[in-house]
Protein chains: 2
Amino acid sequence: MKKIIGILGGMGPAATLDAMEKIIKNTPATCDQEHIPVIAISFPDIPDRTASILSGGESPLNKMLAALRILEAAGARCIIMPCNTAHYWYDELKSSTEIHFLNMIEITCNKIVSEGINNVAILATTGTIKAGLYQSRLEKENINFVIPDDIQQGIIMESILVYKSGNEERAYQLLKPVIYQLKNIGVEWFIMGCSEIPVILKRDSNKVEYIDATEELVRYAIAWSYLDGDDI
Amino acid sequence: MKKIIGILGGMGPAATLDAMEKIIKNTPATCDQEHIPVIAISFPDIPDRTASILSGGESPLNKMLAALRILEAAGARCIIMPCNTAHYWYDELKSSTEIHFLNMIEITCNKIVSEGINNVAILATTGTIKAGLYQSRLEKENINFVIPDDIQQGIIMESILVYKSGNEERAYQLLKPVIYQLKNIGVEWFIMGCSEIPVILKRDSNKVEYIDATEELVRYAIAWSYLDGDDI
(Lines give C-alpha, C1' and ligand atoms only; values in the text may rest on other atoms or scores of the structure.)
Protein backbone atom coordinates (compact mmCIF):
# COMPACT_ATOMS: atom_id res chain seq x y z
CA MET A 1 0.00 0.00 0.00
CA LYS A 2 1.06 3.54 -0.59
CA LYS A 3 2.14 5.43 2.49
CA ILE A 4 -0.80 6.57 4.60
CA ILE A 5 -1.43 10.28 5.16
CA GLY A 6 -2.83 10.93 8.63
CA ILE A 7 -5.09 13.91 9.17
CA LEU A 8 -5.22 15.40 12.66
CA GLY A 9 -8.51 17.13 12.14
CA GLY A 10 -11.91 18.20 13.29
CA MET A 11 -10.76 21.79 13.70
CA GLY A 12 -13.35 22.26 12.27
CA PRO A 13 -14.90 19.21 10.62
CA ALA A 14 -15.62 21.09 7.38
CA ALA A 15 -11.95 22.06 7.09
CA THR A 16 -10.97 18.41 7.47
CA LEU A 17 -13.39 17.54 4.70
CA ASP A 18 -11.90 20.29 2.54
CA ALA A 19 -8.40 18.87 3.04
CA MET A 20 -9.60 15.37 2.08
CA GLU A 21 -11.34 16.72 -1.00
CA LYS A 22 -8.15 18.50 -2.01
CA ILE A 23 -6.15 15.28 -1.60
CA ILE A 24 -8.53 13.54 -4.02
CA LYS A 25 -8.59 16.42 -6.54
CA ASN A 26 -4.80 16.81 -6.58
CA THR A 27 -4.10 13.09 -7.03
CA PRO A 28 -3.74 11.90 -10.64
CA ALA A 29 -5.81 8.72 -10.31
CA THR A 30 -7.82 6.81 -12.92
CA CYS A 31 -9.48 4.40 -10.48
CA ASP A 32 -10.04 3.97 -6.72
CA GLN A 33 -6.89 1.93 -6.26
CA GLU A 34 -4.62 4.74 -7.51
CA HIS A 35 -5.72 7.15 -4.79
CA ILE A 36 -3.71 7.82 -1.64
CA PRO A 37 -4.71 6.08 1.60
CA VAL A 38 -5.84 8.48 4.28
CA ILE A 39 -6.80 8.11 7.91
CA ALA A 40 -8.70 11.14 9.12
CA ILE A 41 -9.32 11.78 12.78
CA SER A 42 -12.06 14.38 13.05
CA PHE A 43 -12.38 15.16 16.75
CA PRO A 44 -14.38 18.39 16.81
CA ASP A 45 -14.37 18.55 20.62
CA ILE A 46 -10.72 19.61 20.67
CA PRO A 47 -10.93 22.82 22.74
CA ASP A 48 -11.14 26.10 20.86
CA ARG A 49 -7.65 27.16 19.75
CA THR A 50 -8.22 30.91 19.60
CA ALA A 51 -9.86 30.99 23.04
CA SER A 52 -6.88 29.16 24.50
CA ILE A 53 -4.33 31.53 22.92
CA LEU A 54 -6.18 34.75 23.71
CA SER A 55 -7.68 34.14 27.11
CA GLY A 56 -6.04 31.07 28.55
CA GLY A 57 -9.00 28.79 27.87
CA GLU A 58 -8.48 25.04 28.12
CA SER A 59 -5.47 23.97 26.07
CA PRO A 60 -6.25 21.78 23.07
CA LEU A 61 -2.85 20.11 23.31
CA ASN A 62 -3.81 16.98 25.24
CA LYS A 63 -6.64 16.12 22.86
CA MET A 64 -4.44 16.81 19.84
CA LEU A 65 -1.79 14.50 21.31
CA ALA A 66 -4.42 11.79 21.84
CA ALA A 67 -5.44 12.05 18.18
CA LEU A 68 -1.78 11.92 17.16
CA ARG A 69 -1.28 8.70 19.15
CA ILE A 70 -4.23 7.12 17.30
CA LEU A 71 -2.75 8.11 13.94
CA GLU A 72 0.62 6.64 14.90
CA ALA A 73 -0.94 3.35 16.03
CA ALA A 74 -3.03 3.21 12.85
CA GLY A 75 0.06 3.33 10.63
CA ALA A 76 0.08 6.93 9.36
CA ARG A 77 3.44 7.79 7.79
CA CYS A 78 3.01 11.54 7.74
CA ILE A 79 0.66 13.89 9.58
CA ILE A 80 -1.13 16.93 8.30
CA MET A 81 -3.18 19.19 10.56
CA PRO A 82 -5.54 21.37 8.49
CA CYS A 83 -5.94 24.06 11.15
CA ASN A 84 -3.58 27.03 11.06
CA THR A 85 -4.28 28.16 14.63
CA ALA A 86 -3.47 24.71 15.98
CA HIS A 87 0.07 25.23 14.69
CA TYR A 88 0.61 27.37 17.79
CA TRP A 89 1.28 23.95 19.43
CA TYR A 90 3.22 22.57 16.44
CA ASP A 91 6.59 22.25 18.17
CA GLU A 92 5.13 20.28 21.07
CA LEU A 93 3.24 17.97 18.70
CA LYS A 94 6.20 17.44 16.41
CA SER A 95 8.63 16.73 19.21
CA SER A 96 6.28 14.06 20.59
CA THR A 97 6.34 11.87 17.49
CA GLU A 98 8.75 10.09 15.16
CA ILE A 99 6.39 10.55 12.21
CA HIS A 100 6.76 13.34 9.69
CA PHE A 101 4.55 16.18 10.84
CA LEU A 102 4.13 18.72 8.06
CA ASN A 103 3.88 22.39 9.00
CA MET A 104 1.23 24.17 6.93
CA ILE A 105 2.41 27.65 7.94
CA GLU A 106 6.00 26.95 6.90
CA ILE A 107 4.91 25.30 3.64
CA THR A 108 2.64 28.25 2.80
CA CYS A 109 5.34 30.80 3.60
CA ASN A 110 7.82 28.82 1.46
CA LYS A 111 5.39 29.09 -1.43
CA ILE A 112 5.03 32.87 -0.94
CA VAL A 113 8.80 33.30 -0.86
CA SER A 114 9.53 31.03 -3.83
CA GLU A 115 6.91 32.73 -6.01
CA GLY A 116 8.00 36.25 -5.07
CA ILE A 117 4.56 37.13 -3.75
CA ASN A 118 4.28 40.50 -2.01
CA ASN A 119 1.67 42.90 -0.63
CA VAL A 120 -0.21 40.10 1.03
CA ALA A 121 -2.92 40.23 3.69
CA ILE A 122 -3.33 37.52 6.32
CA LEU A 123 -6.89 36.21 6.68
CA ALA A 124 -6.84 34.12 9.83
CA THR A 125 -8.33 33.63 13.26
CA THR A 126 -7.56 36.21 15.90
CA GLY A 127 -5.55 33.49 17.65
CA THR A 128 -3.30 32.97 14.62
CA ILE A 129 -2.84 36.72 14.21
CA LYS A 130 -2.11 37.46 17.87
CA ALA A 131 0.32 34.54 18.05
CA GLY A 132 2.12 35.96 15.00
CA LEU A 133 2.25 32.55 13.33
CA TYR A 134 2.61 34.00 9.82
CA GLN A 135 4.13 37.38 10.64
CA SER A 136 7.47 36.20 12.03
CA ARG A 137 8.46 34.35 8.88
CA LEU A 138 7.12 37.01 6.49
CA GLU A 139 9.05 39.73 8.37
CA LYS A 140 12.22 37.67 8.15
CA GLU A 141 11.78 37.39 4.38
CA ASN A 142 11.06 41.12 4.01
CA ILE A 143 7.65 40.44 2.53
CA ASN A 144 5.24 43.35 2.74
CA PHE A 145 2.15 42.13 4.55
CA VAL A 146 -1.01 43.62 5.98
CA ILE A 147 -2.79 42.60 9.16
CA PRO A 148 -6.50 43.50 9.14
CA ASP A 149 -7.32 46.29 11.61
CA ASP A 150 -9.20 45.42 14.79
CA ILE A 151 -12.64 46.02 13.30
CA GLN A 152 -11.84 43.98 10.20
CA GLN A 153 -10.30 41.23 12.32
CA GLY A 154 -13.43 41.11 14.43
CA ILE A 155 -15.52 40.61 11.30
CA ILE A 156 -13.19 37.90 9.95
CA MET A 157 -13.43 36.03 13.25
CA GLU A 158 -17.19 36.45 13.27
CA SER A 159 -17.36 35.06 9.73
CA ILE A 160 -15.36 31.98 10.77
CA LEU A 161 -17.56 31.37 13.82
CA VAL A 162 -20.75 31.97 11.82
CA TYR A 163 -19.55 29.40 9.27
CA LYS A 164 -18.84 26.90 12.05
CA SER A 165 -22.38 27.50 13.34
CA GLY A 166 -23.74 26.37 9.96
CA ASN A 167 -24.60 29.68 8.26
CA GLU A 168 -22.50 29.51 5.09
CA GLU A 169 -24.13 32.43 3.30
CA ARG A 170 -23.83 34.85 6.20
CA ALA A 171 -20.16 33.86 6.65
CA TYR A 172 -19.49 34.76 3.01
CA GLN A 173 -21.39 38.05 3.22
CA LEU A 174 -19.39 39.06 6.29
CA LEU A 175 -15.99 38.22 4.84
CA LYS A 176 -16.29 39.60 1.32
CA PRO A 177 -16.46 43.35 2.19
CA VAL A 178 -13.31 43.03 4.31
CA ILE A 179 -11.48 41.62 1.30
CA TYR A 180 -12.64 44.55 -0.83
CA GLN A 181 -11.47 47.00 1.83
CA LEU A 182 -8.05 45.37 1.92
CA LYS A 183 -7.81 45.48 -1.87
CA ASN A 184 -8.59 49.18 -1.72
CA ILE A 185 -5.50 49.83 0.39
CA GLY A 186 -3.24 48.00 -2.06
CA VAL A 187 -3.38 44.36 -0.98
CA GLU A 188 -2.71 42.12 -3.98
CA TRP A 189 -2.69 38.68 -2.39
CA PHE A 190 -4.55 36.99 0.45
CA ILE A 191 -3.29 34.16 2.61
CA MET A 192 -6.22 31.92 3.45
CA GLY A 193 -4.60 31.35 6.81
CA CYS A 194 -7.54 29.73 8.55
CA SER A 195 -8.74 26.43 7.12
CA GLU A 196 -12.35 27.60 7.19
CA ILE A 197 -11.57 30.53 4.86
CA PRO A 198 -11.25 28.47 1.62
CA VAL A 199 -14.54 26.80 2.51
CA ILE A 200 -16.27 30.12 3.17
CA LEU A 201 -14.87 31.49 -0.13
CA LYS A 202 -15.42 28.28 -2.11
CA ARG A 203 -17.47 30.07 -4.77
CA ASP A 204 -14.44 32.27 -5.49
CA SER A 205 -11.95 29.41 -5.62
CA ASN A 206 -10.97 30.19 -9.21
CA LYS A 207 -9.50 33.55 -8.19
CA VAL A 208 -5.73 33.64 -8.38
CA GLU A 209 -5.11 36.13 -5.59
CA TYR A 210 -5.75 33.58 -2.85
CA ILE A 211 -2.98 31.49 -1.33
CA ASP A 212 -4.81 28.57 0.20
CA ALA A 213 -2.75 27.15 3.07
CA THR A 214 -4.78 23.91 3.05
CA GLU A 215 -4.15 23.39 -0.65
CA GLU A 216 -0.41 24.05 -0.24
CA LEU A 217 -0.23 21.60 2.67
CA VAL A 218 -2.09 18.91 0.75
CA ARG A 219 0.01 19.30 -2.40
CA TYR A 220 3.15 18.94 -0.33
CA ALA A 221 1.77 15.83 1.36
CA ILE A 222 0.86 14.28 -2.00
CA ALA A 223 4.35 14.98 -3.38
CA TRP A 224 5.75 13.34 -0.25
CA SER A 225 3.53 10.30 -0.71
CA TYR A 226 4.90 9.73 -4.22
CA LEU A 227 8.50 9.61 -3.04
CA ASP A 228 10.01 6.16 -2.62
CA GLY A 229 11.43 6.84 0.78
CA ASP A 230 9.85 8.31 3.85
CA ASP A 231 11.87 11.53 3.95
CA ILE A 232 11.36 14.73 2.02
CA MET B 1 -16.45 12.86 24.15
CA LYS B 2 -19.43 11.79 22.14
CA LYS B 3 -19.28 8.27 20.76
CA ILE B 4 -17.01 7.99 17.73
CA ILE B 5 -18.43 6.97 14.36
CA GLY B 6 -15.92 4.89 12.41
CA ILE B 7 -16.02 4.96 8.62
CA LEU B 8 -14.72 1.93 6.76
CA GLY B 9 -14.14 3.79 3.54
CA GLY B 10 -12.12 4.53 0.45
CA MET B 11 -14.58 2.62 -1.74
CA GLY B 12 -14.20 5.08 -3.38
CA PRO B 13 -12.60 8.05 -1.65
CA ALA B 14 -15.21 10.51 -2.97
CA ALA B 15 -18.01 8.41 -1.50
CA THR B 16 -16.26 8.48 1.89
CA LEU B 17 -16.05 12.25 1.62
CA ASP B 18 -19.75 12.39 0.73
CA ALA B 19 -20.62 10.39 3.85
CA MET B 20 -18.53 12.70 6.03
CA GLU B 21 -20.16 15.77 4.49
CA LYS B 22 -23.58 14.27 5.19
CA ILE B 23 -22.63 13.64 8.82
CA ILE B 24 -21.74 17.34 9.19
CA LYS B 25 -24.85 18.59 7.34
CA ASN B 26 -27.23 16.39 9.31
CA THR B 27 -25.79 17.29 12.73
CA PRO B 28 -27.47 20.21 14.50
CA ALA B 29 -24.28 21.96 15.70
CA THR B 30 -23.62 25.62 16.44
CA CYS B 31 -19.84 25.27 16.91
CA ASP B 32 -17.05 22.76 16.26
CA GLN B 33 -17.41 21.14 19.64
CA GLU B 34 -21.04 20.11 19.03
CA HIS B 35 -20.15 17.99 16.00
CA ILE B 36 -19.80 14.22 16.12
CA PRO B 37 -16.31 12.68 16.32
CA VAL B 38 -15.43 10.62 13.29
CA ILE B 39 -12.51 8.42 12.35
CA ALA B 40 -12.44 7.77 8.64
CA ILE B 41 -10.26 5.10 7.11
CA SER B 42 -10.03 5.78 3.40
CA PHE B 43 -8.07 2.86 1.94
CA PRO B 44 -8.74 3.13 -1.79
CA ASP B 45 -6.56 0.11 -2.60
CA ILE B 46 -9.21 -2.27 -1.25
CA PRO B 47 -9.68 -4.59 -4.25
CA ASP B 48 -12.54 -3.85 -6.61
CA ARG B 49 -15.75 -5.23 -5.16
CA THR B 50 -17.68 -5.75 -8.40
CA ALA B 51 -14.72 -7.52 -10.06
CA SER B 52 -14.50 -9.89 -7.12
CA ILE B 53 -18.23 -10.71 -7.15
CA LEU B 54 -18.54 -11.08 -10.92
CA SER B 55 -15.32 -12.74 -11.95
CA GLY B 56 -13.63 -14.01 -8.83
CA GLY B 57 -11.08 -11.20 -8.67
CA GLU B 58 -9.10 -10.75 -5.47
CA SER B 59 -11.41 -10.59 -2.47
CA PRO B 60 -11.53 -7.24 -0.70
CA LEU B 61 -12.36 -8.94 2.61
CA ASN B 62 -8.87 -9.09 4.13
CA LYS B 63 -8.22 -5.40 3.55
CA MET B 64 -11.66 -4.48 4.85
CA LEU B 65 -10.97 -6.54 7.97
CA ALA B 66 -7.63 -4.77 8.43
CA ALA B 67 -9.38 -1.39 8.26
CA LEU B 68 -12.00 -2.62 10.73
CA ARG B 69 -9.26 -3.65 13.19
CA ILE B 70 -7.80 -0.12 13.00
CA LEU B 71 -11.21 1.43 13.70
CA GLU B 72 -11.70 -0.88 16.71
CA ALA B 73 -8.28 -0.02 18.13
CA ALA B 74 -8.92 3.68 17.58
CA GLY B 75 -12.06 3.62 19.71
CA ALA B 76 -14.87 3.69 17.14
CA ARG B 77 -18.20 2.80 18.75
CA CYS B 78 -20.12 2.13 15.56
CA ILE B 79 -19.02 1.40 12.01
CA ILE B 80 -20.52 2.64 8.78
CA MET B 81 -19.28 1.46 5.39
CA PRO B 82 -20.42 3.85 2.64
CA CYS B 83 -20.13 1.30 -0.17
CA ASN B 84 -23.20 -0.73 -1.07
CA THR B 85 -21.32 -3.40 -3.02
CA ALA B 86 -19.00 -4.03 -0.07
CA HIS B 87 -22.07 -5.16 1.87
CA TYR B 88 -21.73 -8.45 -0.03
CA TRP B 89 -19.21 -9.22 2.75
CA TYR B 90 -21.30 -7.64 5.52
CA ASP B 91 -21.99 -10.84 7.48
CA GLU B 92 -18.30 -11.75 7.63
CA LEU B 93 -17.34 -8.24 8.74
CA LYS B 94 -20.09 -7.99 11.33
CA SER B 95 -19.38 -11.39 12.84
CA SER B 96 -15.71 -10.45 13.27
CA THR B 97 -16.36 -7.48 15.57
CA GLU B 98 -18.10 -6.57 18.80
CA ILE B 99 -18.80 -3.03 17.57
CA HIS B 100 -22.09 -1.98 16.04
CA PHE B 101 -21.76 -2.37 12.30
CA LEU B 102 -24.64 -0.63 10.56
CA ASN B 103 -26.01 -2.16 7.37
CA MET B 104 -26.77 0.51 4.77
CA ILE B 105 -28.81 -1.85 2.57
CA GLU B 106 -31.06 -2.91 5.44
CA ILE B 107 -31.45 0.71 6.66
CA THR B 108 -32.35 1.89 3.14
CA CYS B 109 -34.85 -0.92 2.63
CA ASN B 110 -36.41 -0.16 6.03
CA LYS B 111 -36.92 3.42 4.88
CA ILE B 112 -38.56 2.26 1.64
CA VAL B 113 -40.90 -0.05 3.53
CA SER B 114 -41.79 2.44 6.26
CA GLU B 115 -42.57 5.19 3.76
CA GLY B 116 -44.61 2.93 1.50
CA ILE B 117 -42.39 3.63 -1.48
CA ASN B 118 -43.09 1.57 -4.60
CA ASN B 119 -42.15 1.38 -8.28
CA VAL B 120 -38.50 1.86 -7.49
CA ALA B 121 -35.46 1.30 -9.68
CA ILE B 122 -32.13 0.16 -8.28
CA LEU B 123 -29.16 2.24 -9.45
CA ALA B 124 -26.11 0.29 -8.34
CA THR B 125 -22.94 -1.42 -9.47
CA THR B 126 -23.28 -4.60 -11.49
CA GLY B 127 -21.82 -6.40 -8.47
CA THR B 128 -24.59 -5.18 -6.19
CA ILE B 129 -27.24 -6.08 -8.77
CA LYS B 130 -25.89 -9.55 -9.56
CA ALA B 131 -25.48 -10.32 -5.87
CA GLY B 132 -29.13 -9.32 -5.36
CA LEU B 133 -28.28 -7.22 -2.30
CA TYR B 134 -31.40 -5.05 -2.61
CA GLN B 135 -33.70 -7.42 -4.47
CA SER B 136 -34.06 -10.11 -1.82
CA ARG B 137 -35.48 -7.72 0.78
CA LEU B 138 -37.66 -5.79 -1.68
CA GLU B 139 -39.17 -9.04 -2.98
CA LYS B 140 -39.93 -10.17 0.55
CA GLU B 141 -41.77 -6.90 1.18
CA ASN B 142 -43.70 -7.15 -2.10
CA ILE B 143 -42.28 -3.87 -3.34
CA ASN B 144 -42.43 -3.41 -7.10
CA PHE B 145 -38.90 -2.75 -8.30
CA VAL B 146 -37.10 -2.46 -11.62
CA ILE B 147 -33.61 -3.66 -12.42
CA PRO B 148 -32.04 -1.77 -15.36
CA ASP B 149 -31.68 -3.94 -18.46
CA ASP B 150 -28.21 -5.15 -19.48
CA ILE B 151 -27.50 -2.17 -21.73
CA GLN B 152 -28.66 0.33 -19.10
CA GLN B 153 -26.70 -1.51 -16.39
CA GLY B 154 -23.59 -1.36 -18.57
CA ILE B 155 -24.01 2.40 -18.87
CA ILE B 156 -24.60 2.84 -15.11
CA MET B 157 -21.43 0.86 -14.37
CA GLU B 158 -19.52 2.88 -16.96
CA SER B 159 -20.75 6.11 -15.35
CA ILE B 160 -19.50 4.94 -11.93
CA LEU B 161 -16.09 3.96 -13.30
CA VAL B 162 -15.82 7.18 -15.32
CA TYR B 163 -16.55 9.15 -12.15
CA LYS B 164 -13.89 7.21 -10.27
CA SER B 165 -11.45 8.06 -13.07
CA GLY B 166 -12.05 11.76 -12.40
CA ASN B 167 -14.48 12.73 -15.19
CA GLU B 168 -17.46 14.06 -13.24
CA GLU B 169 -19.26 15.65 -16.18
CA ARG B 170 -19.08 12.59 -18.41
CA ALA B 171 -20.33 10.42 -15.54
CA TYR B 172 -23.39 12.65 -15.17
CA GLN B 173 -24.07 12.72 -18.92
CA LEU B 174 -23.94 8.93 -19.06
CA LEU B 175 -26.24 8.35 -16.12
CA LYS B 176 -28.97 10.91 -16.76
CA PRO B 177 -30.49 9.37 -19.95
CA VAL B 178 -30.80 6.00 -18.20
CA ILE B 179 -32.82 7.69 -15.46
CA TYR B 180 -35.13 9.27 -18.07
CA GLN B 181 -35.59 5.89 -19.76
CA LEU B 182 -36.53 4.29 -16.46
CA LYS B 183 -39.00 7.08 -15.71
CA ASN B 184 -40.58 6.46 -19.11
CA ILE B 185 -41.43 2.89 -18.16
CA GLY B 186 -43.12 3.99 -14.94
CA VAL B 187 -40.34 4.15 -12.38
CA GLU B 188 -41.24 6.68 -9.67
CA TRP B 189 -38.34 6.31 -7.25
CA PHE B 190 -34.64 5.57 -7.55
CA ILE B 191 -32.46 3.89 -4.97
CA MET B 192 -29.02 5.48 -5.12
CA GLY B 193 -27.63 2.06 -4.30
CA CYS B 194 -23.99 2.81 -5.10
CA SER B 195 -22.28 5.44 -2.97
CA GLU B 196 -20.87 7.14 -6.06
CA ILE B 197 -24.37 7.77 -7.48
CA PRO B 198 -25.31 10.64 -5.10
CA VAL B 199 -21.97 12.25 -5.91
CA ILE B 200 -22.49 11.88 -9.66
CA LEU B 201 -26.02 13.29 -9.31
CA LYS B 202 -25.07 15.97 -6.77
CA ARG B 203 -26.51 18.77 -8.91
CA ASP B 204 -29.92 17.04 -8.71
CA SER B 205 -29.78 16.47 -4.97
CA ASN B 206 -32.93 18.53 -4.37
CA LYS B 207 -35.04 16.01 -6.31
CA VAL B 208 -37.35 14.02 -4.09
CA GLU B 209 -37.44 10.83 -6.16
CA TYR B 210 -34.00 9.71 -5.03
CA ILE B 211 -33.47 7.48 -2.01
CA ASP B 212 -29.85 8.08 -1.08
CA ALA B 213 -28.50 5.03 0.75
CA THR B 214 -25.52 7.02 2.07
CA GLU B 215 -27.81 9.69 3.52
CA GLU B 216 -30.04 7.08 5.15
CA LEU B 217 -27.02 5.33 6.66
CA VAL B 218 -25.58 8.58 7.99
CA ARG B 219 -28.87 9.74 9.49
CA TYR B 220 -29.21 6.44 11.28
CA ALA B 221 -25.64 6.69 12.60
CA ILE B 222 -26.26 10.23 13.87
CA ALA B 223 -29.46 9.16 15.63
CA TRP B 224 -27.44 6.34 17.22
CA SER B 225 -24.74 8.76 18.35
CA TYR B 226 -27.30 10.87 20.21
CA LEU B 227 -28.57 7.96 22.26
CA ASP B 228 -27.22 7.66 25.78
CA GLY B 229 -26.40 4.02 25.48
CA ASP B 230 -24.55 2.12 22.84
CA ASP B 231 -27.46 0.13 21.48
CA ILE B 232 -30.10 1.16 19.02
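**View 1. The bridge between B:C78 and B:H100.** B:C78 has B:H100 in β4(B) as its bridge partner. The model is predicted; local features need pLDDT of at least 70, side-chain atom pairs count only at pLDDT 80 or more, and totals for chains, interfaces and linings use all residues. Residues are numbered from 1 along each chain as its sequence is written, chains are lettered from A and ligands numbered from 1 in the order in which they are written, and side-chain values use heavy atoms, leaving out hydrogens and water. Strand β3 (residues 78-80) of chain B pairs with β4(B) in the parallel sense, over 2 bridges. Strands (E, at least two residues) and helices (H or I, at least four) are DSSP runs, numbered from the N terminus. Two strands pair if DSSP finds at least two bridges between them.

View 2. An open sheet of 8 strands has the order β4(A)-β3(A)-β1(A)-β2(A)-β2(B)-β1(B)-β3(B)-β4(B), with mixed pairing. Its edge strands are β4 (100-101) of chain A and β4 (100-101) of chain B, each of which pairs on one side only.

**View 3. Helix α3 of chain B on the sheet.** Helix α3 (residues 61-74) of chain B lies across β1 (5-9), β2, β3 and β4 of chain B together with β2 of chain A. The helix runs at about 160° to β1(B). Axes are lines fitted to C-alpha atoms, for helices over the stretch in contact, and angles run from 0 to 180 degrees between N-to-C directions.

**View 4. The rotation axis.** Chain B is superposed on chain A by a rotation of 180° with 0.0 Å of shift along its axis (RMSD 0.0 Å). The two copies are thus related as by a two-fold rotation axis. Superposition is by least squares on the C-alpha atoms of residues with pLDDT of at least 70 in both copies; pLDDT is the predictor's confidence in each residue, from 0 to 100. B:A40 comes closest to the axis of the residues of chain B, at 2.5 Å (C-alpha).

View 5. Contact (heavy atoms within 4.5 Å) links 37 residues of chain B with 37 residues of chain A. About 2800 Å² is buried between the chains, 63% of it from carbon and sulfur atoms. Buried area is the accessible area (1.4 Å probe) that two parts lose on being put together, summed over both. Between the chains there are 4 salt bridges, each a side-chain nitrogen of Lys or Arg within 4 Å of a carboxyl oxygen of Asp or Glu. A:K164 and B:D32 form a salt bridge through their side chains (2.6 Å, N to O).
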